[in-house]
Amino acid sequence: MTAHQNGSTSTEFSDFYLNCFVRSPSWQHWLSLPLSLLFLLAMGANTILLITIRLEASLHEPMYYLLSLLSLLDMALCLTVIPKVLAIFWFDLRSISFFACFLQMFTMNSIFAMESCTFMVMAYDRYVAICHPLRYLSIITDQFVVKAAIFILARSIFLTVPIPILSGCLHYCLENVIENCLCANMSVSKLSCGDIIINRLYQFACGWTLLGFDLILIFLSYTLILRAVLKLKSEGAVAKALSTCGSHFILILFFSTVLLVFVFTLVVEKKVSSDLPVLLNILHHVIPPALNPIVYGVRTQEIKQGIQRLLKKGW
């Protein structure tokens, strides 16, 4: 699948070739089963959560609408990446067209940005609920959720669409083998014959602007929540709030590690095995979608009761 130079200056391609785990090919064998199970868990748990919120009238509230948005984004993220990765593992279907590759690149980046912004809005929702409970119903309304969804969509698409455009405008010659299981921007663009400094700088600036800014606001929200919770006199209320917000914050930190992994691989690109960032990148596309509905959904009493009622109706 690799193109060669034969007396001409360059060769044009119509496809890329995904060649992941070059240095550790055995990883594909032991990773395929847990990856497929995590994919099924993510799709199943998010589907159950969406159906429960849709059918239970008591859950038709802004907080659960935001949770539904997160579930939809999780499912879209899984479907964008994991089926292709499993096709590579099981059937050796490594070829991917230019259009499909750049579409996957755009979808991954935009969904990451949307999820990060959704986490920020959900953190703000919890901040208002705990720190300003009397004003909650007047601040967090259905109109607030609609405006937040439009902002999340517009900001994410506007800031991430240049990433695949910059990569797509590069000139690719001599090499079309991507050492990754997915079309990550830097894995693709470094195959180019041209200068990729603008591409690299924009990816770096976009990552810090979107994920970094959101993480700062999320951290600020949970700091204010923690301060308010510690002032409560009821030990039960304190324990419940700390348990819920603590698990939420841990999930958000795990999601945000993609930013740290990206920076780390840029800094020590030649000093670590290229298979390790690939592994972390794949797991990052399936573990948060599998855990989010469990931590955000099942640990919420109202959703747990809603699922139980739906199961009783089904039986």
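Modeller: A residue is called buried when its relative accessible area is under 20%, exposed when over 50%, and partly exposed in between, using a 1.4 Å probe and protein chains only. Helices (H or I, at least four residues) and strands (E, at least two) are DSSP runs, numbered from the N terminus. This is a predicted model, in which local features need pLDDT of at least 70 and side-chain atom pairs count only at pLDDT 80 or more, while totals for chains, interfaces and linings use all residues. Residues are numbered from 1 along each chain as its sequence is written, and side-chain values use heavy atoms, with hydrogens and water left out.

Biologist: How many helices and strands does the chain have?

Modeller: The chain has twelve helices and three strands. Of its 315 residues, 48% count as buried, and the accessible surface comes to about 16,000 Å², with 70% of that belonging to carbon and sulfur atoms. Those areas come from the Shrake-Rupley method with a 1.4 Å probe, and for residues only the protein chains shown count as cover.

Biologist: What share of the contacts join residues at least 24 apart?

Modeller: Taking contact to mean heavy atoms within 4.5 Å, 81% of the contacts between residues at least 6 apart in sequence join residues at least 24 apart.

Biologist: Is helix 10 largely enclosed or open, and why?

Modeller: Seven of the ten residues of helix 10 are buried, so this helix is largely enclosed by the rest of the structure. The buried ones are Asp275, Pro277, Val278, Leu279, Asn281, Ile282 and His284.

Biologist: And what about helix 3, how far does it reach?

Modeller: Helix 3 covers residues 98-131, which is 34 residues, and it reaches 49 Å from its first C-alpha to its last, close to the 50 Å expected at 1.5 Å a residue. The expected span is 1.5 Å times one less than the number of residues. Helix 3 is also largely enclosed by the rest of the structure, because 24 of its 34 residues are buried.

Biologist: How do helix 3 and helix 5 cross?

Modeller: The axes of helix 3 and helix 5 (residues 142-160) come within 9 Å and cross at roughly 145°, where axes are lines fitted to C-alpha atoms, for helices over the stretch in contact, and angles run from 0 to 180 degrees between N-to-C directions. The crossing is right-handed; a crossing gets that name if the near helix is turned clockwise from the far one by less than a right angle, and is left-handed if anticlockwise. Among the residues making the contact are Phe106 and Tyr124 of helix 3 and Phe144 and Thr160 of helix 5.

Biologist: Changing topic, which residues have the most contacts inside the largest nonpolar core?

Modeller: A nonpolar core is a set of buried Ala, Val, Leu, Ile, Met, Phe, Trp, Tyr and Cys residues joined through side-chain atoms within 4.5 Å. The largest one has 44 residues, and those with the most contacts inside it are Phe16, Phe21, Phe89 and Val188. Elements giving two or more residues to this core include strand 1 (15-18), helix 1 (27-55) and helix 8 (197-230), while the largest share, eight residues, comes from helix 2. A second, separate core of 41 residues includes Leu70, Val121, Ala123 and Tyr136.

Biologist: What does phenylalanine 21 touch?

Modeller: Not counting residues up to four places away in sequence, phenylalanine 21 touches Trp27, Gln28, Leu31, Phe89, Cys181, Asp275, Val278, Leu279 and Ile282.

Biologist: Is isoleucine 140 buried or exposed?

Modeller: Isoleucine 140 counts as buried, at 3% relative accessibility, and its place is in the loop between helix 4 (136-139) and helix 5. Leaving aside neighbours within four places in sequence, isoleucine 140 is in contact with Pro62, Tyr124, Asp125 and Val128. The C-alpha atoms of isoleucine 140 and tyrosine 124 are separated by 9.4 Å, although these residues are 16 apart along the chain.

Biologist: And where is aspartate 92 found?

Modeller: Aspartate 92 is in the loop between helix 2 and strand 2 (95-97). Aspartate 92 has a positive phi of about 60° although it is not a glycine, and it is partly exposed, with a relative accessible area of 45%.
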